[in-house]
Amino acid sequence: EKEYIITIFSENKVGLLNQITIVFTYRDVNIESLTASESSIPGIYKYTVVVHTLFLYTSDAADDLTRV
């Protein structure tokens with residue numbers, strides 16, 4: 001197991017944070033840290049997720065996040 005940092009850029013929409021956490025919960029991956037903030041691009045938010053797990057689970061979760 002290793003620590004992985006996943007950065008997500010998205011428009012701010014209702015329920016997005018919940019959808020992000022569901023992706024990791026579904027894969028039984030514990031979120032060590034989750035930060036949400038405005039990015040330097042107007043109207044775009046940056047979500048930083050830190051997880052400690054196997055690469056396979058992180059890769060699968062990242063693929064699922066592209067569909068959120």
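Is Tyr4 buried or exposed, at a relative accessibility of 18%? Tyr4 counts as buried, because its relative accessibility is 18% and buried means under 20% relative accessible area, whereas exposed means over 50% and partly exposed covers the range in between, with a 1.4 Å probe and protein chains only. The model is predicted, so that local features need pLDDT of at least 70 and side-chain atom pairs count only at pLDDT 80 or more, while totals for chains, interfaces and linings use all residues. Residues are numbered from 1 along each chain as its sequence is written, and side-chain values use heavy atoms, with hydrogens and water left out.

The chain has two helices and three strands, which follow one another from the N terminus in the order β-α-β-β-α; helices (H or I, at least four residues) and strands (E, at least two) are DSSP runs, numbered from the N terminus. The radius of gyration, taken over C-alpha atoms, is 12 Å and thus close to the 11 Å that the globule rule gives for 68 residues, so the chain is as compact as a globular protein of that length; the rule itself is 2.2 Å times the number of residues to the power 0.38. Along the principal axes, the C-alpha atoms fill a box of roughly 35 × 20 × 15 Å, and 28% of the 68 residues count as buried.

The three strands form an open sheet in the order β1-β3-β2, with antiparallel pairing, where two strands pair if DSSP finds at least two bridges between them. Because β1 and β2 (31-38) stand at the edges with a single partner strand each, one side of each is left without a neighbour in the sheet. Seven bridges join β2 to β3; Ser33 stands opposite Val50 in β3, and the bridge partner of Ala36 in β3 is Tyr47. Five residues lie between the strands in the hairpin of β2 and β3, where Gly43 takes a positive phi near 85°.

Both helices are placed against these strands. Helix α1 lies across β1, β2 and β3 and runs at about 20° to β3, whereas α2 packs on the sheet, touching β1 and β3, with its direction at about 5° to that of β1. Here contact means heavy atoms within 4.5 Å, and axes are lines fitted to C-alpha atoms, for helices over the stretch in contact, with angles running from 0 to 180 degrees between N-to-C directions.

The largest nonpolar core has 13 residues, and those with the most contacts inside it include Ile6, Phe24 and Val51; such a core is a set of buried Ala, Val, Leu, Ile, Met, Phe, Trp, Tyr and Cys residues joined through side-chain atoms within 4.5 Å. The elements that give two or more residues to this core are β1, α1 (16-26), β3 (44-53) and α2, and α1 gives the most, with four residues.

A search of the whole structure finds one aromatic pair. The ring centres of Tyr4 and Phe55 are 6.1 Å apart and their planes stand at 55°, so the pair is tilted; rings of Phe, Tyr and Trp (its six-membered ring) pair if their centres lie within 6.5 Å, and planes under 30 degrees apart count as stacked, over 60 as edge-to-face and the rest as tilted. Because Tyr4 lies in strand β1 (residues 2-11) and Phe55 in helix α2 (residues 55-65), the pair ties together parts that are 51 residues apart in sequence. Phe55 is exposed, with a relative accessible area of 55%.
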